[in-house]
Amino acid sequence: MPEMNMVGAINDALRHEMRKDPRVLVMGEDVGKVGGVFRVTQGLFEEFGEDRVIDTPLSEGGIIGTAIGMALYGLVPVPEIQFADFIYPAFDQIVSELAKMRYRSGGEYASKIVIRSPVGGGIRGGHYHSQSPEALFIHTAGLKVVCPSNPYDAKGLLLASIRDPDPVLFFEPKRVYRAAKGDVPEGDYTVELGKAAVTRPGKHVTVIAWGAMLYEALAAADEAAKQGVECEVLDLRTLWPVDIDAIVASVKKTGRVVVVHEAPKTCGFGAELVALINEKAFVHLEAPPIRVAGFDTPFPYSLEMEYLPLAHRILPAVLDTARF
Amino acid sequence: MDTAVVSETDPDVMLFRVLRDDGTADPGVDHGMTDAVALRAYFEMRRLRALDARMILLQRQGRVGFYGAATGQEAVPIASGLALAKQDWVFPALREQSVMLVRGYPLRDYIGQVFGNAADNLKGRQPPSHQAGKAVHQVSWSPVIGPQIPQAVGAAMAMRMAKRRPHEIAVGYCGDGATSQPDFHAAMNFAGVFKAPVVIICQNNHWSISVPTAKQTASRTIAIKARAYGMPGVRVDGNDVLAVYKVLRDAFACARSGGGPTFVEAVTYRMGAHTTSDDPKLYRSDSEVEAWAKKDPIDRLRRYLEARGLMDDARDTKLEADASAEIVSIIREVEELAAPSLASMFDDVYAELPWNLREQKAALESGPRAPKH
Ligand SMILES: Cc1ncc(C[n+]2csc(CCOP(=O)(O)OP(=O)(O)O)c2C)c(N)n1
Ligand SMILES: [Mg+2]
């Protein structure tokens, strides 16, 4: 099995599916000749040509709107939004149109597209190259939301997303695009949507994370272990529909939960997770669930490392929860 | 508008120029740039180029996080700064921050923004190349492509209602790529419908990162789009500072006197990478870049000044050396200043801190510090 980083694994998944399924195409700003600003679509233009690797004009609303139209006609577009921070010009197309097409047409029309977009901070990008807008789309009925943390999952989840009947927002944690490496099988395989992974088993505290923050959760878990606290680290992988069974199973075991995410705390996905845990596992809780999240401010530039919920902030939360 | 002197006869593609290839000004055009203003333009363009070069160097050395340069496109921001009146408002995009330097914003504060530390009036909230300043009416911009254009129109609509004296106008800038965004079209439409005292200036630098303008629009030119919105569209040689100055002065005067909006397409070229995150060798040829290097706006102005006996090697070398020395000394002074305080992260989200931010601020201040980048 070749070792790949996230960029390579996602590229491999796109290439694989485009070879297999002539309906699949890639579109977006700079995705063609240069292969995207993060090079995720590198080489696809050369192999599949300009009809299937489309450099679009600079309009996110145009990209998603036309992708929806192509999907209605029977294609399977995988548009790229260059940074998730630039998804808002397409918000109307995603929220009012893409998410509701099947429902409002009584099931007659489905618009199946997979929107790929890099998310997250830690690259000195400032507010407009760092946001994590997953909660907005989880809140929108009709959309699935995925965020892999490693190359194996990235390829398997992307293939599953492209083959899934529903529209998917596929968020790629850019901070670990090249840093996260691992063995990736050649050829076909999928990672089922809606299934979390137990990345590190443990019995004292459940730590729920995804994307780049998974590594911070693992680092905090290493430190906590030195102090006798064993964390069970859950990588959600699919944010919606979330793997509620895996969460409840872990909480039953530990009775203590820390949720980690980069997005601002208020109305972040952590709020929903904590509410779900209260609803479904309240009697098993030994301590109030805790959120370690971005602050309720825009994403700052100079202070970004202080803003992010990195291991140094996760560890005290884990220890507090364990000792509650 | 009396900018009728053109290099081509087809009205759709005609390009207004003043400077001819030999460096002399077309005698048939009353370009209105005095020698004093021309020298000032030369100084500002040279200084801007030196500043951009220095910052790109610092970025390569890891001392600056990111940088977006205006190299090759200096004529538009500098001519704009010279042609605007003090009371006018500026809504820039990535290549036009320097308008504020021409309008009196201190270079030290401008450079301070790049370092995002105690020298940054914007408190380290934005990456480099995002300067803004209320004192010179230059509005804060985001790197999201498009939103500033309708904002410029709205400010101009408000100015029209306020009828202050002296009359105010607004200018909104964008790139060729931005003309694909709905915000561009909304701005053009509103400007036309409300006869706003606004000038919308598109720097067509031929590229939007790796996408050439031909893939951005099927219009023959960008200026032609103005016609559909019921306003004049002018296509000007964006590397000819005399021509840009002339076109902008006319457009600004028109807006100021109640004549309504103008749309200006400045035809230019992005000589460097899109930003320090980009590698243009992947998508464009050296020969294209070399061809545009021959049309460099600073070289062209220098030839003009030389022909008028206003510039020579000695003066030019001194000018360059002085500009570089000033830049280097400011960098030396501001680079190592302290980062913004932790507490400052929570300021300005709301006018006053609500309870959640007060709690979060206290938790951050009493908690452990983050590792360095
Ligand atoms: C809404 C949005 N989409 C995408 C981007 C990424 N991006 C930054 S600059 C740029 C190209 C801009 O081209 P143009 O408008 O011609 O301006 P130029 O950089 O050439 O001056 C793109 C696609 C962005 N900043 N905002
Ligand atoms: Mg451009």
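This briefing describes a metal site, a ligand site and selected features of the protein chains. The structure is a predicted model. Ligand 1 lies between chains A and B, and a magnesium ion, ligand 2, is coordinated by three residues of chain B, namely Asp176(B), Asn205(B) and Trp207(B). Trp207(B) also belongs to the residues that come nearest to ligand 1.

**The magnesium site**

- The magnesium ion (ligand 2) is held at 2.1 to 2.2 Å by Asp176(B) through OD, by Asn205(B) through OD1 and by Trp207(B) through O.
- Along the chain, the donors of this ion follow the spacing D-x28-N-x1-W.
- Asn205(B) has a relative accessibility of 4% and therefore counts as buried, the cut-off for this class being under 20%.
- Trp207(B) is likewise buried, because its relative accessible area is 9%, again under 20%.

**The site of ligand 1**

- There are 19 residues around ligand 1, and those that come nearest are Glu60(A), Arg95(B), Pro143(B), Gly177(B) and Trp207(B).
- The shell around ligand 1 consists of eight nonpolar, seven polar and four charged residues.
- Ala178(B) places a backbone N or O atom 3.0 Å from an oxygen atom of ligand 1.
- For Trp207(B), a backbone N or O atom is found 2.8 Å from an oxygen atom of the ligand.
- Ser208(B) takes part through its side chain, in which an N or O atom is 3.2 Å from an oxygen atom of ligand 1.
- On its own, ligand 1 has 580 Å² of accessible area, of which the protein covers 94%.

**Chain B as a whole**

- The secondary structure of chain B comprises 12 helices and seven strands.
- Chain B has a radius of gyration of 21 Å, close to the 21 Å given by the globule rule for 373 residues, so the chain is as compact as a globular protein of that length.
- The C-alpha trace of chain B spans about 70 × 50 × 45 Å along its principal axes.
- Of the 373 residues in chain B, 56% are buried.

**A position in chain A**

- Val119(A) is part of strand S5 of chain A, which covers residues 114-119.
- With a relative accessibility of 5%, Val119(A) counts as buried.
- Val119(A) and Gln82(A) are 37 residues apart along the chain, and their C-alpha atoms are separated by 9.6 Å.

Methods
Residues are numbered from 1 along each chain as its sequence is written. Chains are lettered from A and ligands numbered from 1 in the order in which they are written. This is a predicted model: local features need pLDDT of at least 70, side-chain atom pairs count only at pLDDT 80 or more; totals for chains, interfaces and linings use all residues. Side-chain values use heavy atoms; hydrogens and water are left out. Donors are N, O and S atoms within 2.8 Å of the metal (3.2 Å for Na, K and Ca); water is not among the atoms, so sites may look incomplete. Buried means under 20% relative accessible area, exposed over 50%, partly exposed in between (1.4 Å probe, protein chains only). A residue is near a molecule or strand if one of its heavy atoms lies within 4 Å of it. A polar contact is a pair of N or O atoms within 3.5 Å; within protein, one must be able to donate a hydrogen and the other to accept it, and residues adjacent in sequence count only if both atoms are side-chain atoms. Accessible areas come from the Shrake-Rupley method with a 1.4 Å probe; for residues, only the protein chains shown count as cover. Ala, Val, Leu, Ile, Met, Phe, Trp, Tyr, Cys and Pro count as nonpolar, Asp, Glu, Lys and Arg as charged, and the others, Gly among them, as polar. Helices (H or I, at least four residues) and strands (E, at least two) are DSSP runs, numbered from the N terminus. The radius of gyration is taken over C-alpha atoms; the globule rule is 2.2 Å times the number of residues to the power 0.38.
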